[in-house]
Amino acid sequence: MSTPASSDRRRLIVLFGGVSAEHDVSCVSAAHVLAAADPTKYEIIPIGVTRTGRWIRNDKALSALQERALTGGEVALPDSLEPAGTEVEPLPALQTDDLPVVVLPLLHGPHGEDGTVQGMLELSGVPYVGSGVLGSAVCMDKALAKVVAAQAGIPQCRWLEFRAGGNRLRLRRDVDETLGYPVFVKPANLGSSVGISKVHDADELESAVALALRYDEVLVIEEGVTGREIELAVLGNDDPQVSVPGEIVPGSEFYDYEDKYVNGAAGLLIPADLPAGAADEARELALRAFTALRCSGMARVDFFYEEHGRGWLLNEINTIPGFTPGSMYPKLWEASGVSYGELIDSLVDLAVDRHRVRSSFSTDH
């Protein structure tokens with residue numbers, strides 16, 4: 001894949017941490033982005049958001065990065081960053097006069113991936129990596145994303161929406177009549193499989209709903225799909241490109257948080273072994289979903305593949321996919337010929353391009 005031409009050196013503000021249940025995942029992602037970003041192209045400023053919402057510049061990591069830039073040598077960075085150092089005010093921290101700024105938000109989950117931070121960055125007038133306010137918000141809300149995807153004619157599994165305060169007896173009846181068991185109960189606005197339960201019968205439904213309601217007021221209940229879990233990475237704005245497909249082989253009953261970030265038991269098969277033509281069909285559907293849900297910059301599009309049934313079923317779209325060493329998004333691009341460092345460069349350039357276009361719109365009437 002060709003990478004957009006780089007301009008002069010930029011200040012890259014890496015936002016990580018956050019107030020969501022995915023705080024720890026974000027800290028690991030940020031550490032590896034800092035280690036991989038080219039110091040000749042970027043002055044990197046790591047800013048962590050604490051679990052209570054305070055913004056902290058990580059001075060220790062910043063000092064190590066400055067040493068690397070000055071000496072050109074290797075410096076030791078931790079495997080996971082923490083929001084520890086000097087407290088800063090959010091908006092002033094984004095404003096600079098000496099270097100053009102690009103913000104790389106690695107804030108997974110609510111208050112980071114859901115359009116809230118993106119709205120602040122829009123008001124600040126700085127380029128940022130990833131989807132805008134609308135695309136971020138829609139993709140974060142699994143229930144709303146399913147409505148939009150259905151309107152776009154993208155195939156999905158059967159599902160129900162449930163809200164806090166809803167009738168639990170009616171939910172049990174609707175699951176029995178509409179979905180059957182097993183089902184998956186998920187918070188609508190969360191990722192990394194946090195708060196998700198696989199429910200085998202009606203007796204397990206109540207506890208699964210209670211768990212998911214700890215994280216969100218809107219839940220998605222999906223039918224259990226017997227199919228392969230296939231993921232694709234999308235990169236671009238107006239002319240997005242799609243990676244080779246990869247397959248998740250869960251190490252437990254489903255691809256849960258422990259599988260993803262703790263024991264590493266899941267297998268990642270890249271590229272996925274798919275029948276002739278199936279990979280092209282998945283790429284086409286990934287592009288349709290990326291466009292329909294107003295994504296830009298990057299996204300990981302996840303499918304179920306019922307090889308001898310309904311075929312491709314959209315699971316979800318992640319607009320800020322993980323960047324940990326075991327994360328699928330960078331691995332898919334590596335297998336497609338784009339290195340980790342090149343991926344960062346492409347994302348930064350795409351952010352600048354998108355900002356330039358949006359800034360050119362007239363405000364006259």
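What covers the buried residues of helix H11? The cover includes strand E10 (228-236), strand E11 (241-242), strand E12 (246-249), strand E13 (267-269), strand E14 (297-306) and helix H12 (340-359), where contact means heavy atoms within 4.5 Å. The model is predicted, so that local features need pLDDT of at least 70 and side-chain atom pairs count only at pLDDT 80 or more, while totals for chains, interfaces and linings use all residues. Residues are numbered from 1 along each chain as its sequence is written, and side-chain values use heavy atoms, with hydrogens and water left out.

Helix H11 spans residues 328-335, and its buried residues are Met-328, Tyr-329, Pro-330, Leu-332 and Trp-333; buried means under 20% relative accessible area, exposed over 50%, and partly exposed in between (1.4 Å probe, protein chains only). Helices (H or I, at least four residues) and strands (E, at least two) are DSSP runs numbered from the N terminus. Just after H11, Gly-337 takes a positive phi of about 95°. In helix H4 (residues 116-124), the buried residues are Val-117, Gln-118, Gly-119, Met-120, Leu-121 and Ser-124, and they pack against E1, E3, helix H3 (90-94), strand E5 (101-105) and helix H5 (133-140).

**Strand E2 and its partners**

Strand E2 (residues 42-49) is mostly covered, with seven of its eight residues buried. Strand E1 (residues 10-17) runs parallel to E2 and is joined to it by eight bridges, two strands being paired if DSSP finds at least two bridges between them; within this pairing, Arg-10 stands opposite Tyr-42 in E2. On its other pairing, E2 meets strand E3 (residues 55-57) in the antiparallel sense over three bridges, and Gly-48 stands opposite Ile-56 in E3. Five residues lie between the strands of the E2 and E3 hairpin, in which Gly-53 takes a positive phi near 95°.

**Domains 1 and 3**

The chain is divided into domain 1 (10-128), domain 2 (158-223) and domain 3 (226-357), with bounds that come from an automatic or database domain assignment. Arg-10, Val-25 and Glu-113 supply 25% of the area that domain 1 buries against domain 3, more than any other three residues. Three salt bridges are counted between domain 1 and domain 3.

**Salt bridges**

The structure holds 23 salt bridges, each a side-chain nitrogen of Lys or Arg within 4 Å of a carboxyl oxygen of Asp or Glu.

| Lys-41 | Asp-345 | 2.6 Å |

Arg-173, by contrast, counts as partly exposed because its relative accessibility is 43%, and Asp-174 counts as partly exposed because its value is 24%. Arg-356 and Asp-353 both lie in helix H12, three residues apart, about one turn of the helix. Salt bridges that share partners also join Arg-158, Glu-223, Glu-306 and Arg-310 into one network.

Methods. Buried area is the accessible area (1.4 Å probe) that two parts lose on being put together, summed over both.
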